Amino acid sequence: MEAGRRGRTLNREHDVHGPAGHPTPGRAGPDPGAARDRARGTLLGLAIGDAMGAPAENMTAAAIAQRWGTVTGFLRDEPAGTDDTEYAAFSALLLIEHGTALTSEQVADAWVRHLAGRSGGFPGAGFSELGTIENLRAGLRPPASGQHLHSWSDGLAMRAAVHGVYAAGDVATAARLAAVDGAVSHDGEGVYAGQAVAAAVAAALDGARPGAVLTAARGCVPGDSWTAAALATAGTAAGPDALLDALVVRSYPWTDLAPEAVGLAFGAFLAADGELRRAVPAAVAMGRDADTTAAIAGALCGASRGMAGIPADWAAAIGPVTGRCLGEVVAGLTMTDLADRLVEARLARAAAPQPPSTAGPEARTAPR
């Protein structure tokens, strides 16, 4: 990738690593090479799942089986990602720029600057993102910008793996960053589901086994939430049919319910014991919001097993981000390069001197 792409940030007045002195998101880990490998696996796994699931989005498991038979790989000769990959790339740029100092106001500013004024619409964007754009255009700020008719969607969960990559090994910080990002576009269950994904990725990157990854996800959401119940189901369902029967809200006309998507994704991840080659096709085969469920499952598997767990031909099929939905702000970026930059930013902050904090506890929690 050319140098111009490699050094891109959302605000070109800031260095890619941002100012020194931000709180570290957690220990850097003993082996930066291994950290980069698993980070790359996470974001490439997300992009693979997104591209594999895209043709099956909004379809039922029965319809997918009738059309393609058993899912074993990509369903198109030229697989391409959707808004899931693009929003993950956009959120990654924000983390690279601001790190743990990221605020919901900064996220909202970036949405206004780079997305709200975009001409030509947002092909493939979800309801939650479109509702957020309209709220921001109307002058609403977070958390009000995320309080719309689709605030419970999986639009945060689909991009939240990047928060886990940045805060690898620090589950609490990963969940907090996801909530900071999510307050702009989501509320309630939509935020909880995103926090669960971010926390799970952070735990997997630190070497947690699949069962412990699920525990990390459940530990960061309210115990009485719909998301918590869906995660519990993911850990106990006996096969995909039982998982679908337990989680799918068949009376609702859309498939992007965040707790449902996260439950299906974790179910596929757990049933495959973190093996991407099995988990991602299984997530696709269940249908519903197949690109998002497969993207989440792919991110969890990539975080668990790194690049060694990704089939070489699947990895080779993933090209640069197209920018079809979000435009030039993400077009041309690659997920592996973004993963490297997230790790570099985290390591740089971990190595920087940390001045005594003068902020009260309220400054370190997600905005209400």
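Trainee: What ground rules apply to the numbering and the model?
Mentor: Residues are numbered from 1 along each chain as its sequence is written. The model is predicted, so local features need pLDDT of at least 70 and side-chain atom pairs count only at pLDDT 80 or more, while totals for chains, interfaces and linings use all residues, and side-chain values use heavy atoms, with hydrogens and water left out.

Trainee: Thanks! How many helices and strands are in the chain?
Mentor: Helices (H or I, at least four residues) and strands (E, at least two) are DSSP runs, numbered from the N terminus. By that count the chain has 17 helices and zero strands.

Trainee: What percentage of the residues in the chain is buried?
Mentor: Buried means under 20% relative accessible area, exposed over 50%, and partly exposed in between, with a 1.4 Å probe and protein chains only. The chain holds 368 residues, and the buried share of them is 57%.

Trainee: Among contacts between residues at least 6 apart in sequence, what percentage joins residues at least 24 apart?
Mentor: A contact here means heavy atoms within 4.5 Å. Among contacts in the chain between residues at least 6 apart, the share joining residues at least 24 apart is 79%.

Trainee: Which residues does the UniProt annotation "binding site" cover?
Mentor: The record is an unreviewed entry. UniProt positions are given in the numbering used here, feature names are shortened, and annotations may be inferred rather than shown by experiment.

Trainee: With which side chain does the side chain of Thr 82 make a polar contact?
Mentor: Thr 82 sits in the loop between helix 3 (61-68) and helix 4 (83-98), and is buried at 17% relative accessible area. Not counting residues up to four places away in sequence, Thr 82 touches Asp 50, Ala 54 and Asp 291. A polar contact is a pair of N or O atoms within 3.5 Å; within protein, one must be able to donate a hydrogen and the other to accept it, and residues adjacent in sequence count only if both atoms are side-chain atoms. At 2.6 Å, the partner side chain is that of Asp 50.

Trainee: And Asp 289: which residues does it touch, not counting those up to four places away in sequence?
Mentor: Asp 289 lies in the loop between helix 14 (276-285) and helix 15 (290-305). Asp 289 is buried, with 5% relative accessibility. The residues it touches, with that exclusion, are Glu 57, Asp 154, Thr 255 and Asp 256.

Trainee: Is Thr 85 buried or exposed?
Mentor: Thr 85 belongs to helix 4. Beyond its neighbours within four places in sequence, Thr 85 contacts Leu 46, Ala 47, Asp 50, Val 321 and Met 335. With a relative accessible area of 7%, Thr 85 is buried.

Trainee: Which side chain meets that of Arg 288 in a salt bridge?
Mentor: A salt bridge is a side-chain nitrogen of Lys or Arg within 4 Å of a carboxyl oxygen of Asp or Glu. Arg 288 is buried at 13% relative accessible area, and has a positive phi of about 65 degrees although it is not a glycine. At 2.6 Å, N to O, the side chain that meets Arg 288 is that of Glu 260.

Trainee: How many residues apart are Arg 288 and Glu 260?
Mentor: The pair links distant parts of the chain, with Arg 288 in the loop between helix 14 and helix 15, and Glu 260 in helix 13; the separation is 28 residues.
Glu 260 is itself buried, at a relative accessible area of 1%.

Trainee: In which helix do Arg 137 and Glu 134 both lie?
Mentor: Their side chains meet in a salt bridge of 3.0 Å, N to O. Arg 137 is partly exposed at 45%, and Glu 134 is partly exposed at 46%. Three residues apart, about one turn, they both lie in helix 6.

Trainee: Last one: which peptide bond is cis, with omega near 5 degrees?
Mentor: Most peptide bonds are trans. Pro 143 lies in the loop between helix 6 (127-137) and helix 7 (161-166). The cis bond runs from Pro 142 to Pro 143.
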